[in-house]
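Come along and keep the picture in view.

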Amino acid sequence: MRAAVKSQLQATISLQDFGSLLRLAFHDAGTWNAGLKTGGANGSLRFTSETGQSVNVDTSTPLQTIQELQQGLAAGGTNLSTADLIQLCGALAVELTGGPSIPVQLGRQDASQPDSDDQLPNPDMQPAQLQQLFTGGNFSTQDLVALSGAHTIGQSRSVAPTGFMDPTPTTFDNLYFKQLLGGGGSFQTDKGLLQSQDTTALVQHYASNQTAFFQDFSTAYQKKMSLHGTSVPHRESASARATTRVEASCLKA
Ligand code: HEM
């Protein structure tokens, strides 16, 4: 399953568009509300009312990619939820640009209604607000800094300042952190990582140790992907058994 989706992506997506798939995965998962236990990686971004929210600008094109892939897989007899495919493609975007190979567990159910956008970060947030948003969602300061390293690939297509976010936008590496230390960084939320001692120490650590960045990114990303408000089906129906088989084969991949 993973190998099939990977080769489809390699054949159809240009390297500079992988960032949009990773961001899509973050924006689907990032609606998780730890207090209410709602939202998360549940495919709710397929609702145009959610895709149309300003924080989700530029998510329509990667969503269309997901839907085309989903139709192709279904035509071949494999049914994956939108939520699963979004997260699988996000992880593959990291891998195909040279980052870690992150295991993806399947079995997410798609939500039947859009999520609220109030848990997604805004690029103008001050460091304290951003940390509060992440810690309130049960993510550590280390998770926040490691996940911010996703800005090593892709580009800002509409939000100022537009353009690439590090000098190697098609390679998942630790240049994002080196660039931050050199005075770079696209948004307030990136630059703000140098405004407190604990986050600065992590930026320095990842800038000098790419292996540590890859490990911590992978751990935080798996946690992000695992949070969703709908449970994995365990009914003994044909579709549930099919989902379980897909999950097992993916875990082995
Ligand atoms: C920490 C708070 C974050 C803020 C405020 C933020 C904000 C943004 C903004 C404003 C853009 C530009 C969107 C556009 O105009 O197209 C962007 C791009 C991007 N973000 Fe984030 N982001 C954050 C964290 C993350 C995380 C955790 C991930 C993934 C794990 C991520 C992945 C990406 C990627 C890959 C792009 C490039 C998209 C593309 O090439 O189309 N971001 N982000």
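I started with the ligand in this predicted model. I found 24 residues around the ligand, and the closest are Gly19, Ser20, Ala150, Gly154 and Arg157.

H2 gives the largest share, five residues.

Then I sorted the shell by residue type. I noted eleven nonpolar residues, ten polar ones and three charged ones.

My next entry is about the domains. I looked up how the protein is divided: domain 1 covers 2-118 + 224-252, and domain 2 covers 127-222. Why does the ligand lie between domain 1 and domain 2? Both domains give residues to the shell around the ligand, so the ligand lies between them.

I also checked the distance between the domains. The C-alpha centres of domain 1 and domain 2 lie 22 Å apart. Their contact takes 22 residues from domain 1 and 21 residues from domain 2.

On the side of domain 1 that touches domain 2, I saw that H2 and helix H11 (210-226) each supply at least two residues. The largest share of that side comes from H2, with six residues. I counted the types here as well: this side of domain 1 has twelve nonpolar, seven polar and three charged residues.

Note on methods. Residues are numbered from 1 along each chain as its sequence is written. This is a predicted model: local features need pLDDT of at least 70, side-chain atom pairs count only at pLDDT 80 or more; totals for chains, interfaces and linings use all residues. A residue is near a molecule or strand if its C-beta atom, placed from the backbone, lies within 6 Å of it. Helices (H or I, at least four residues) and strands (E, at least two) are DSSP runs, numbered from the N terminus. Ala, Val, Leu, Ile, Met, Phe, Trp, Tyr, Cys and Pro count as nonpolar, Asp, Glu, Lys and Arg as charged, and the others, Gly among them, as polar. Domain bounds come from an automatic or database domain assignment. Two residues are in contact if their C-beta atoms, placed from the backbone, lie within 7 Å.
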